[in-house]
2 protein chains.
Amino acid sequence: MLAPAATAPIIQAMSDHTLTLYSYWRSSAAYRVRIGLNLKGLAYAQVPVHLVQDGGQQHAAAYTTLNPQHLIPSLQHGDLILRQSLAILDYLDETWPQPALLPADAAGRAHVRALAQMIACDIHPLNNLRVMQYLGRELAQPSAAQDAWMQHWMHTGFAALETLTARTSRSAGFCFGPAPTLADCCLVPQLYNARRFKIDVGRYPRLLEIEAACLALPAFHAAAPEQQPDAPA
Amino acid sequence: MLAPAATAPIIQAMSDHTLTLYSYWRSSAAYRVRIGLNLKGLAYAQVPVHLVQDGGQQHAAAYTTLNPQHLIPSLQHGDLILRQSLAILDYLDETWPQPALLPADAAGRAHVRALAQMIACDIHPLNNLRVMQYLGRELAQPSAAQDAWMQHWMHTGFAALETLTARTSRSAGFCFGPAPTLADCCLVPQLYNARRFKIDVGRYPRLLEIEAACLALPAFHAAAPEQQPDAPA
């Protein structure tokens with residue numbers, strides 16, 4: 001962890017209801033949660049967990065006690081430790097219902113959840129740091145093959161998302177309806193990641209339209225990697 | 001699709017509220033949904049989608065119209081098409097609340113969702129058929145390397161699940177509390193998959209205890225791959 005956190009114990013019983021996010025500026029899963037927290041208007045502290053420095057601070061014992069998966073993000077709310085970005089977003093939505101991150105009806109909720117999971121289950125985990133490290137170290141794949149891998153899974157997922165978001169009559173400015181949902185919390189970080197890895201996102205005009213609507217909102221802008229305290233100057 | 005489905009149009013407006021599951025007997029994601037449907041006591045029809053025959057029936061146009069990800073399962077409920085196993089389970093839980101697949105409190109729900117996502121986001125998508133095909137075809141990895149890949153991600157995930165399920169004071173017979181939840185719907189198929197790929201599951205005594213409690217229930221037993229209409233004789 002960076003200096004401010006390293007001097008304080010990471011695990012402490014907090015009797016108040018402070019929200020503390022264990023985050024990394026460029027992590028797409030942490031970015032989702034930051035968007036959710038911002039959309040809800042919740043104040044939170046950040047403990048940066050650097051995914052590369054010190055052999056990966058997510059592997060430090062102080063952090064793996066909180067998160068045995070060695071993955072970020074984790075969110076501490078009082079004494080409670082929350083893990084997995086989608087589960088955290090659901091928790092935020094249940095605990096602070098307004099503004100809602102899911103539609104009110106079961107059919108709409110299922111559609112939004114499916115869009116979010118198309119990213120959070122079927123794109124991002126395949127392109128995660130630990131997977132790229134495995135491709136490089138264990139499978140001796142050169143960086144061109146790693147890039148092709150990443151592009152393959154992103155294009156596969158984006159193509160399906162483009163089809164579904166273009167088809168839905170309830171799509172307005174956002175993935176589904178006139179306000180951002182769980183799906184938008186996932187889409188924007190995934191498109192950020194895509195650009196970082198030079199994916200041609202121009203193939204997905206509907207997704208770019210949604211992204212533009214999202215980034216016009218302060219909640220999304222403030223959650224962006226470059227705005228985080230641990231982003232390089 | 002197999003014979004009964006191939007003779008009927010796959011997409012049809014159903015004005016009743018029939019439940020139809022597009023499934024494959026050995027798919028771990030379809031297995032999750034079958035457990036959920038059975039726990040709710042819901043009757044459903046199955047349309048088998050063979051993942052290998054005909055170059056993979058999940059790639060047939062009739063199916064990709066339903067599911068642009070070319071993935072199973074999909075669940076049709078009346079006119080509604082549902083995708084992504086976790087989103088489908090949430091839909092079932094919202095539409096038929098009893099017996100509940102999630103605890104009543106937000107903290108318990110977040111914990112159960114995180115356990116489910118540790119499997120559905122961070123184990124299974126890495127070991128999915130399409131990923132193994134990519135490792136073999138595009139990256140020319142021999143089967144020993146594919147097995148090592150699969151074992152690596154399963155052991156990584158199971159170790160974290162063992163830690164969390166052993167730690168929780170609310171764990172009883174199941175992943176969390178005295179009744180099966182979303183997490184159990186994911187765990188049992190993942191352990192089935194682990195045995196199929198010769199993973200040493202003996203390292204995870206707590207997970208095996210949970211699995212035994214689940215498999216003692218008819219809902220889990222009836223959802224097992226070997227019990228499905230498309231399982232080989």
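## Surroundings of A:Gln190

In this predicted model, A:Gln190 is in contact with A:Ser28, A:Ile119, A:Ile123, A:His124, A:Met154 and A:Phe158, once its neighbours within four places in sequence are left aside. The residue belongs to helix H9 of chain A, which spans residues 182–196, and at 0% relative accessibility A:Gln190 counts as buried.

Over all chains, the structure holds zero disulfides. For A:Cys185, the closest cysteine sulfur is that of A:Cys186, and because the two sulfurs lie 6.6 Å apart, they are too far from each other for a bond; a disulfide would require the pair to be within 2.5 Å. Seen from A:Cys186, the closest cysteine sulfur is in turn that of A:Cys185, again at 6.6 Å and too far for a bond.

## The interface of chain B and chain A

Between them, chain B and chain A bury about 4000 Å², of which 63% is on carbon and sulfur atoms. The contact involves 44 residues from chain A and 44 residues from chain B.

Six salt bridges are found across the interface of chain B and chain A, and one of the side-chain pairs that meet in a salt bridge is B:Glu94 with A:Arg113, at 3.7 Å from N to O. Counting residues that are both at pLDDT 80 or more, 11 residue pairs are in polar contact between chain B and chain A. On the side of chain B that touches chain A, at least two residues each are supplied by strand S4 (80–83), helix H4 (85–95), helix H5 (106–120), helix H6 (124–127), helix H7 (129–137) and helix H8 (143–167) of chain B. Sorted by class, this side of chain B has 26 nonpolar, 10 polar and eight charged residues.

## Helix H7 of chain A and its cover

In helix H7 of chain A, which runs over residues 129–137, the buried residues are A:Arg130, A:Val131, A:Met132, A:Tyr134 and A:Leu135. Their cover draws on both chains: what lies over the buried residues of H7 in chain A includes helix H6 (124–127) and helix H8 (143–167) of chain A, together with H6 and H8 of chain B.

Methods: Residues numbered from 1 in each chain as written. Chains lettered and ligands numbered in written order. Predicted model: local features only at pLDDT ≥ 70, side-chain atom pairs only at ≥ 80, totals over all residues. Heavy atoms only, no water. Helix = DSSP H or I, 4+ residues; strand = E, 2+ residues; numbered from the N terminus. Buried < 20%, exposed > 50% of the residue type's maximum accessible area, 1.4 Å probe, protein only. Contact = heavy atoms within 4.5 Å. Buried area = accessible area lost by both parts, 1.4 Å probe. Salt bridge = Lys/Arg side-chain N within 4 Å of Asp/Glu carboxyl O. Polar contact = N/O pair within 3.5 Å; in protein donor to acceptor, adjacent residues only side chain to side chain. Nonpolar A, V, L, I, M, F, W, Y, C, P; charged D, E, K, R; others polar.
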